[in-house]
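Thanks for coming. Please have a look at the structure on the screen, and I will go through a few places in it.

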Amino acid sequence: MKIEHITINTAYLDASVAFYRDVIGLEIRADFRKTGGMPIVFLSNGEGETCIELIENKENVYSGSGLSIGFHVNDVNAAHELMTNKGFNPTPMISPNPNVKFFFIKDPNGVNIQFM
């Protein structure tokens with residue numbers, strides 16, 4: 001079994017697509033914004049990889065807490081500096097043990113995005 005996608009209902013579809021594409025570096029895999037149905041965009045970091053599914057659904061937007069999506073980066077300190085310079089206000093670096101370091105920023109929907 002494999003995770004196919006993670007769905008985020010959003011009132012900010014274009015901003016969310018731009019965030020996951022331009023900030024996180026994911027590629028659009030399927031874009032249904034102009035098909036006449038519900039506007040949906042799938043993004044991932046490679047063919048066959050788990051996707052972020054963004055659905056424009058202003059009546060049922062994500063409003064919870066406790067959800068985070070984690071991304072591995074080659075240099076977590078450099079990523080922290082980059083997110084700071086881009087104005088994302090990352091959390092301080094968290095290190096629950098000597099072998100792990102990570103931090104969080106928020107996507108346009110308030111979802112915690114973890115870089116580790």
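Start with asparagine 57. If we set aside the neighbours within four places in sequence, asparagine 57 is in contact with Asn9 and Thr10. Keep in mind that this is a predicted model. Asparagine 57 sits in the loop between β4 and β5. Is asparagine 57 buried or exposed? Its relative accessibility is 15%, so asparagine 57 counts as buried, the cut-off for that being under 20%.

Next, valine 23, which is found in helix α1. Valine 23 has a relative accessibility of 19%, and therefore counts as buried too. Which residues does valine 23 contact, leaving aside its neighbours within four places in sequence? They are Ala18, Met83 and Phe88. Then there is lysine 86: along the sequence, valine 23 and lysine 86 are 63 residues apart, while in space their C-alpha atoms are 9.1 Å apart.

Now the nonpolar cores. The largest one has 23 residues. Inside this core, the residues with the most contacts are Tyr20, Ile24, Leu54, Ile69, Ile113 and Phe115. Where does the core come from? At least two residues each are supplied by α1 (13–23), β3 (40–44), β4, β5, α2 (76–85), β7 (100–106) and β8 (112–115). Helix α1 gives the most, with five residues.

Take isoleucine 113 from that list. Not counting residues up to four places away in sequence, isoleucine 113 touches Phe19, Tyr20, Ile24, Ile69, Phe71, Phe103, Phe104, Ile105 and Asp107. There is also a second, separate core, made of five residues, and Ala30, Ile40, Cys51 and Ile55 are among them.

Last, the largest pocket. How much space lies in the largest pocket? About 160 Å³. Its lining consists of Ile6, Leu26, Ser44, Asn45, Glu49, Thr50, Cys51, Ile52, Ile69, Gly70 and Phe71. By type, six of the lining residues are nonpolar, four are polar and one is charged. Strands β4 (51–56) and β5 (68–71) each supply at least two residues of the lining. The largest share is that of β5, with three residues.

Two residues on that lining have come up already. Ile69 lines the largest pocket, and Ile69 is also among the residues with the most contacts inside the largest core. Cys51 lines the pocket as well, and Cys51 belongs to the second core.

That is where I will stop.

Key: Residues are numbered from 1 along each chain as its sequence is written. This is a predicted model: local features need pLDDT of at least 70, side-chain atom pairs count only at pLDDT 80 or more; totals for chains, interfaces and linings use all residues. Side-chain values use heavy atoms; hydrogens and water are left out. On a 1 Å grid over the protein atoms alone, a cavity is a set of points where a 1.4 Å probe fits but cannot get out, and a pocket is an open set with protein on both sides within 12 Å along at least five of seven lines; lining residues have an atom within 4 Å of a point. Grid points are joined across faces, edges and corners, and a volume is the space filled by probe spheres set on the points. Helices (H or I, at least four residues) and strands (E, at least two) are DSSP runs, numbered from the N terminus. Ala, Val, Leu, Ile, Met, Phe, Trp, Tyr, Cys and Pro count as nonpolar, Asp, Glu, Lys and Arg as charged, and the others, Gly among them, as polar. A nonpolar core is a set of buried Ala, Val, Leu, Ile, Met, Phe, Trp, Tyr and Cys residues joined through side-chain atoms within 4.5 Å. Buried means under 20% relative accessible area, exposed over 50%, partly exposed in between (1.4 Å probe, protein chains only). Contact means heavy atoms within 4.5 Å.
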